[in-house]
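Please examine the sequence and the model shown below.

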Amino acid sequence: QQCVWDVPKWGGTGCSHLQAWLGTEGWKSSYSTVLKLVNALRLQKVYGKTIVQTPTCFSCGNTVSEKKLYVSLHGVFMGCREHMIAQAKAKKEYLGMDMTHGEVFCFECN
């Protein structure tokens, strides 16, 4: 697994939601903050030391070990797929990062 601590070099163009988000002023800061959390979780597994508390879905309480979790790239929300989709539709904020792999995901297009 690759740990990336800086903003990505995007391959391809992505969806319209990703393009719109990349056009905002604060996307680098938001992305970097979320990526640091994801990488801290990876390092925690490797070294067996607690760096951050185990993430849980804000809606149902499932942990990252029980379900795949995502964290919003727009605001403060972490959730399982089902609850991220609901949050994305309610807030019209569609991008999240997979907390296992650090991949950006659009909940409107996928």
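This is a predicted model: local features need pLDDT of at least 70, side-chain atom pairs count only at pLDDT 80 or more; totals for chains, interfaces and linings use all residues.

Q: Which element gives the most residues to the largest nonpolar core?
A: The largest nonpolar core has 26 residues, and those with the most contacts inside it are Trp21, Met97 and Met99. Two or more residues come from each of α1 (16-22), α2 (27-47), β1 (69-72), β2 (78-80), α3 (81-91) and β3 (95-98). The element that gives the most, with six residues, is α2.

Q: Which residues does Met99 touch, not counting residues up to four places away in sequence?
A: Met99 is one of the residues with the most contacts inside the largest nonpolar core. Leaving aside residues up to four places away in sequence, Met99 touches Leu37, Val38, Leu41, Pro55, Val64, Leu69, Tyr70, Val71 and Met78.

Q: On which side of α3 do the buried residues lie, the same side or opposite sides?
A: The buried residues of α3 are His83, Met84 and Ala88. They cover an arc of only 140 degrees around the axis, which puts them on the same side of α3.

Q: Which exposed residues does the face of α3 turned away from its buried side carry?
A: The buried residues of α3 pack against β1, β2 and β3. The face turned away from that buried side carries the exposed residues Glu82, Lys89 and Ala90.

Q: Which residue follows α3, and what is its phi?
A: The residue after α3 is Lys92. The phi of Lys92 is positive, near 60 degrees.

Q: Is the ring pair of Tyr70 and Phe105 stacked, edge-to-face or tilted?
A: The count of aromatic pairs comes to five. For Tyr70 and Phe105 the ring centres are 5.8 Å apart and the planes stand at 40 degrees. Planes under 30 degrees apart count as stacked and those over 60 as edge-to-face, so the rest, including this pair, are tilted.

Q: Which residues form one aromatic cluster with Tyr70?
A: Tyr70 counts as buried, at 5% relative accessibility. Tyr70 lies in strand β1 and Phe105 in strand β4 (residues 104-106), so their pair ties together parts that are 35 residues apart in sequence. The residues that form one aromatic cluster with Tyr70 are Phe105 and Phe107.

Q: Which backbone nitrogens lie 3.0 Å and 3.3 Å from the side chain of Ser72?
A: Ser72 lies in strand β1 and is buried, with a relative accessible area of 7%. Ser72 touches Val34, Phe77, Met84, Leu95 and Gly96, not counting residues up to four places away in sequence. At 3.0 Å from a polar atom of the Ser72 side chain lies the backbone nitrogen of His74, and at 3.3 Å the side chain reaches the backbone nitrogen of Gly75.

Q: Which backbone oxygen lies 2.9 Å from a polar atom of the side chain of Ser32?
A: Ser32 is a residue of helix α2 and counts as buried, at 16% relative accessibility. A polar atom of its side chain lies 2.9 Å from the backbone oxygen of Lys28.

Note on methods. Residues are numbered from 1 along each chain as its sequence is written. Side-chain values use heavy atoms; hydrogens and water are left out. A nonpolar core is a set of buried Ala, Val, Leu, Ile, Met, Phe, Trp, Tyr and Cys residues joined through side-chain atoms within 4.5 Å. Buried means under 20% relative accessible area, exposed over 50%, partly exposed in between (1.4 Å probe, protein chains only). Helices (H or I, at least four residues) and strands (E, at least two) are DSSP runs, numbered from the N terminus. Contact means heavy atoms within 4.5 Å. A polar contact is a pair of N or O atoms within 3.5 Å; within protein, one must be able to donate a hydrogen and the other to accept it, and residues adjacent in sequence count only if both atoms are side-chain atoms. Rings of Phe, Tyr and Trp (its six-membered ring) pair if their centres lie within 6.5 Å; planes under 30 degrees apart count as stacked, over 60 as edge-to-face and the rest as tilted. The arc is that of the directions from the helix axis to the C-beta atoms.
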